[in-house]
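Good morning, everyone, and thank you for making time for this. Please take a moment to look at the structure before I talk you through it.

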Amino acid sequence: QVPLVESGGGSVQAGGSLGLSCAASGFTISPYPRYCLGWFRQSPGKEREAVASIYTNGGIPYYADSVKGRFTIAQDNAKNTIYLQMNSLKPEDTAMYYCAAMPEQCVNRWRSSAAFTYWGQGTQVTVSS
């Protein structure tokens, strides 16, 4: 059973918006244990990079510099789901997007994919110019 299932990817023109969802299955993201929930992305030939993370204890969100001001991460504990709203998309945002979770705080480790315990299978986002 895949612990995290992403949805909402697709194709959009530059300047457009997409929203991604990630539903946790088999474990609860809140209230305990608390998790750092993150979104990563990977395009062909490149390393997986952190996009955004948030701690389920209501901590501040973390964003990669490349997406600050354009992307928003959010959680819905009642639905056991996290979201990534992506606005003002650029062709360089094209990638496979993955959600991930680790049972600890985000601070200092949210950029490291190796630190995350649970992963989804990914959803493709394609932005055309």
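This is a predicted model: local features need pLDDT of at least 70, side-chain atom pairs count only at pLDDT 80 or more; totals for chains, interfaces and linings use all residues.

Which partners does R41 have? One is E49, whose side chain meets that of R41 in a salt bridge at 2.7 Å, N to O, and E49 counts as partly exposed, at 34% relative accessibility. Another is D93, which forms a salt bridge with R41 in which the closest N and O atoms are 2.9 Å apart. Since D93 lies in the loop between β8 and β9 while R41 sits in strand β4, this pair ties together parts that are 52 residues apart in sequence.

D93 itself counts as buried, at 1% relative accessibility, and D93 also forms a salt bridge with R70, with 2.8 Å between the closest N and O atoms. R70 lies in the loop between β6 and β7, so its pairing with D93 ties together parts that are 23 residues apart in sequence. Through shared partners, these salt bridges join R41, E49, R70 and D93 into one network, and the structure holds 5 salt bridges.

Stepping back to the whole chain, we find 11 strands and 0 helices. The radius of gyration is 14 Å, close to the 14 Å that the globule rule gives for 129 residues, so the chain is as compact as a globular protein of that length. Of those 129 residues, 43% count as buried, and among contacts between residues at least 6 apart in sequence, 60% join residues at least 24 apart.

Methods: Residues are numbered from 1 along each chain as its sequence is written. Side-chain values use heavy atoms; hydrogens and water are left out. Helices (H or I, at least four residues) and strands (E, at least two) are DSSP runs, numbered from the N terminus. The radius of gyration is taken over C-alpha atoms; the globule rule is 2.2 Å times the number of residues to the power 0.38. Buried means under 20% relative accessible area, exposed over 50%, partly exposed in between (1.4 Å probe, protein chains only). Contact means heavy atoms within 4.5 Å. A salt bridge is a side-chain nitrogen of Lys or Arg within 4 Å of a carboxyl oxygen of Asp or Glu.
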